[in-house]
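Keep the structure open as you read.

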Amino acid sequence: MSTAIATRVPAGSFFDLDRKDPELTRLREQGAESALPFALMERLVKSGTPYAEHARTMRSEPVSLAGATFDWFDAELPREIAGEISLTNYEIAEHTEERRAALTHALDRLSLVHPEGFACVREFVRGLLWVGLKPGVRASSLTSSSDPALPYVIVFSDKASRHIPPNTVSERPSALFLAENILHEGTHQSISFHVLQHQVFADGYASQTSPKIEIKWRAGQGEDRNQFWELDRAFHATCVYNQLLRFRQGELRRDDLTPAERASFQAAYDEGLPAVRYLMRELELLTEHFTPHGVELVADLRHQTDQL
């Protein structure tokens, strides 16, 4: 077994959308390929809700670039799906020329600056949900998100073109920031695939009873869940930081950034590097909660972190 997070979906595995399976075959034969991830969702959630059939009510526009094709969803977001992935306050944003140009630019930039990261997105992302808060909803909008219950689909808002989590905010939107947030969620999906297919955490491990890692840079945000992270959340974050910091390094080496873009990426890099080093040390103190395979993954993360 590889000692690194999977970079490919194994043929014939649960996540292989081309495998021989009655439901997946039916959707493919009916030209409903964009609903395939939701068929996997039915089996992961086990609620009895036919998510794939609800997903078929959403139109999708193909976005093709650098050998990859993504389904950019349109129309109304079915409430059954929205409720399962915590999007009840959101609706699908209108497809506009401005959003289409930003999305194409973001994907193109990611493929150019960080081919390894783009390969991850190409492999583990099929569906794109660009959303916005419903009229009348008074809440802070998400920047981007993904849910292990819904493989291959990532969510982001207009805010993803201005915000590099956790703390870098730009007054001017940039497709480069959108590229980072797409990479962020694609990396989360690759980790979720791996954790669901391989035993990474020791027998008996559960998020609810996990030892907590104090996240000092989140102090003062008012929620314990943001100040103290479970081991699996910290593991995800360490993997993601390693990808994002490499993308930020690539951007900072280029000479075509605007001053605002350069300042934002530099601030995000300067904040992210000590954060990933801190998380790395904390993970290594808690390796008894990992399987032997998990320990190997942590060792590979250490190697990656030391190269930053």
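Which residue forms a salt bridge with Glu97? The partner is Arg100, and the closest N and O atoms are 2.8 Å apart. Keep in mind that this is a predicted model.

Look at where the two residues sit. Glu97 and Arg100 are both in helix 5. They are three residues apart, so about one helical turn separates them. Now check the surface. Glu97 is exposed, because its relative accessibility of 61% is over the 50% cut-off. Arg100 is partly exposed, at 22% relative accessibility.

Arg100 has another partner. Glu61 also forms a salt bridge with Arg100, and here the closest N and O atoms are 2.7 Å apart. This pair links distant parts of the chain: Glu61 lies in strand 1 (residues 60–65), while Arg100 lies in helix 5 (residues 97–113). The two are 39 residues apart. Glu61 has a relative accessible area of 22%, so it counts as partly exposed. Buried would need a value under 20%.

Next, move to helix 1, which covers residues 22–29. Glu23 and Arg26 both lie there, three residues apart, or about one turn of the helix. They form a salt bridge, with the closest N and O atoms 2.8 Å apart. Arg26 is partly exposed, with a relative accessible area of 27%.

How many salt bridges does the model hold in total? The count comes to 17. The pairs described here are among them.

How values were computed:
Residues are numbered from 1 along each chain as its sequence is written. This is a predicted model: local features need pLDDT of at least 70, side-chain atom pairs count only at pLDDT 80 or more; totals for chains, interfaces and linings use all residues. Side-chain values use heavy atoms; hydrogens and water are left out. A salt bridge is a side-chain nitrogen of Lys or Arg within 4 Å of a carboxyl oxygen of Asp or Glu. Helices (H or I, at least four residues) and strands (E, at least two) are DSSP runs, numbered from the N terminus. Buried means under 20% relative accessible area, exposed over 50%, partly exposed in between (1.4 Å probe, protein chains only).
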